[in-house]
Amino acid sequence: MNNKFYITTTLPYVNAEPHIGFALEIIQADTVARYHALLGDEVFFNFGTDEHGLKIYRKATEAGKDPQAYCDEYAAKFSDLKTALNLSYNNFIRTTDPHHVEAAQTFWKRCLANDDIYKKEYKIKYCVGCELEKTDSELVDGKCPLHPNGEIEVYEEENYFFKFSKYQKQLLDFYSKNPQFTVPESRYNEIKAFVEGGLEDFSISRLKSKLPWGVPVPDDPKHVMYVWFDALINYISALGWPENEEKFNAFWPGLQVAGKDNLRQQTAIWQAMLLSAKISNSKQVFIHGFITVDGQKISKSLGNVVNPIELVNKYGTDPVRYYLLSQIPSTGDGDFSEVRLKEVYNSDLANGLGNLVSRVAKLCERVSIKNEELPNTLDPKILEYLEAYEFNRALEHIWSEIKEADKEVNENKPWEQSGENLSQTLKVLVEKIQHIAFNLQPFLPETSDKILKHFTSNKIKAIPPLFPRIN
């Protein structure tokens with residue numbers, strides 16, 4: 001019986017087109033999903049779109065569109081990432097899906113029954129860009145540091161609140177028992193310190209008269225759910241919760257992948273909500289960093305937003321995957337530069353992997369290579385790095401093997417050999433290329449598939465360049 005493995009990304013808001021920062025998250029998640037599939041696990045990989053909230057309602061209104069029609073249009077753009085980035089996700093959830101709406105309402109009722117939801121008047125400072133309340137200490141010159149071009153809005157109204165403060169001890173106990181819950185360790189320490197500092201109850205509803213675009217609060221038509229409360233529930237509604245108990249229990253708890261700006265929501269707020277609803281906590285949350293573009297923060301006002309689909313159309317899927325997985329530190333911040341992408345493309349892909357494959361394939365035309373059984377397990381080093389989400393180190397290891405194979409070609413000079421010597425030299429090189437290609441499967445699936453198919457044929461012939469050089 002196969003092990004069940006569940007992985008989910010966060011859900012991007014549909015208020016803008018996909019950008020390179022989210023491409024990093026979904027490609028990292030896809031690499032982990034493919035890795036587990038190679039291990040023989042039955043993988044459920046969830047991705048989708050977050051479609052409620054004030055930000056989206058305002059964007060739809062500005063565009064003169066019905067909110068649902070607006071969401072449909074943008075959800076399709078995120079769905080297009082599947083083909084563009086060669087993603088293996090097998091579930092695309094939208095928070096406007098009727099099943100998700102019903103699941104969110106059931107979850108609300110559970111928290112209410114556990115005496116964790118109450119109503120009160122309150123006044124807050126709110127960043128629409130983050131869809132989050134902000135304290136004075138989080139603001140810089142009265143602005144949200146993540147959305148400095150937006151105005152902080154002040155709300156004063158009666159809302160429903162979630163008893164976040166009630167779960168401080170339970171969360172700290174959970175962290176203590178599960179020191180690998182948040183990866184990397186620096187983020188684990190950060191969220192632990194945040195919870196130790198004390199928790200405040202937070203608003204989980206909005207007045208429908210001010211924000212008609214949201215999941216209706218059960219038994220109170222005047223309120224809709226706060227977007228974060230509704231959206232987080234997708235991680236379990238995607239598994240058929242609450243009615244499909246068999247599927248849910250088979251896959252939950254799972255791994256969540258999120259950016260560092262999502263740390264509190266994923267590793268504290270969501271976990272407290274799960275405790276309230278009497279549902280097991282997430283298995284693990286992997287937190288990645290941010291991407292800058294040419295050293296600057298991604299910003300519409302700077303005009304440096306990079307669309308991953310346009311990038312793929314220009315350079316190809318696997319070169320984009322390779323850059324993001326090899327050049328961005330797995331758990332830290334990194335920079336995207338098109339100039340650097342071209343350099344990496346030519347040095348690592350065209351001159352490195354592509355050149356090795358072309359040279360050996362051409363030499364193989366001279367002899368018949370008897371293929372032995374293909375490798376069927378990943379290199380132990382790759383296993384080690386992928387378990388720690390160290391994608392860049394895994395690729396460094398593979399590229400060290402590419403360089404070693406290239407060195408063997410240059411030292412053995414098979415073009416000067418013939419007969420049995422040539423056959424033996426090429427047999428060793430072919431096996432090394434098969435090994436490299438097998439280990440590349442989670443990272444560059446299209447390229448690895450081409451190499452494996454070519455180097456397992458009965459007669460290996462010359463192969464067209466995998467990565468034609470970019471001038």
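This is a short walk through some local features of one protein model. Keep in mind that the model is predicted.

Okay, let's start with helix α13, which covers residues 317-327. The helix is mostly covered, with 10 of its 11 residues buried. Among those buried residues are Asp 318, Arg 321, Tyr 322 and Tyr 323. Pro 319 sits in this helix too. Is Pro 319 buried or exposed? Its relative accessibility is 5%, so Pro 319 counts as buried. And which residues does Pro 319 touch, if we skip those up to four places away in sequence? The list is Leu 341, Tyr 345, Leu 349 and Phe 467. Now take Leu 302 for comparison: Pro 319 and Leu 302 are 17 residues apart along the chain, and their C-alpha atoms are 25 Å apart in space.

Next, the aromatics. There are 32 aromatic pairs in the structure. Here's one of them: Tyr 70 and Tyr 74 have ring centres 4.9 Å apart and planes at 35 degrees, so we call the pair tilted. Those two tyrosines are both in helix α3, residues 67-79, and they're 4 residues apart, about one turn of the helix. As a reminder, an α-helix has 3.6 residues a turn, so residues three or four places apart point the same way. Tyr 70 and Tyr 74 are both buried.

Compare that with Phe 174 and Phe 181. The ring centres of Phe 174 and Phe 181 are 4.8 Å apart, but the planes are at 70 degrees, so this pair is edge-to-face. Phe 174 and Phe 181 are both buried as well.

There's also an aromatic cluster to click through on your screens, and its members include Phe 107, Trp 108, Tyr 160, Phe 229, Trp 241 and Trp 270. And if you like charges over rings, I've got two. Lys 82 lies over the face of Tyr 89, 4.5 Å from the ring centre. Lys 260 does that with Phe 290, at 4.9 Å from the ring centre.

By type, the lining of the second largest pocket splits into 7 nonpolar, 4 polar and 2 charged residues. Which helix gives the largest share of that lining? That's α1, with 3 residues. Both α1 (20-38) and α15 (380-387) supply at least two lining residues each.

Last topic, backbone geometry. Most residues other than glycine have a negative phi, and most peptide bonds are trans. So where does this model depart from that pattern? Let's do the peptide bonds. Val 183 and Pro 184 are joined by a cis bond, omega about 10 degrees, and Pro 184 is in the loop between β7 and α7. The bond from Trp 252 to Pro 253 is also cis, with omega near 5 degrees, and Pro 253 falls in the loop between α10 and β11.

For phi, look at Asp 141: it's not a glycine, yet phi is positive, about 55 degrees. Asp 141 is in the loop between β5 and β6, and at 76% relative accessibility it counts as exposed. Lys 278 also has a positive phi, near 60 degrees. Lys 278 is in the loop between α11 and β12, and it's exposed, with a relative accessible area of 63%.

That's my tour, thanks.

Definitions and conventions
Residues numbered from 1 in each chain as written. Predicted model: local features only at pLDDT ≥ 70, side-chain atom pairs only at ≥ 80, totals over all residues. Heavy atoms only, no water. Buried < 20%, exposed > 50% of the residue type's maximum accessible area, 1.4 Å probe, protein only. Contact = heavy atoms within 4.5 Å. Nonpolar A, V, L, I, M, F, W, Y, C, P; charged D, E, K, R; others polar. Phe/Tyr/Trp six-rings, centres within 6.5 Å; stacked < 30°, edge-to-face > 60°. Lys NZ or Arg CZ within 6 Å of the ring centre and 35° of its normal.
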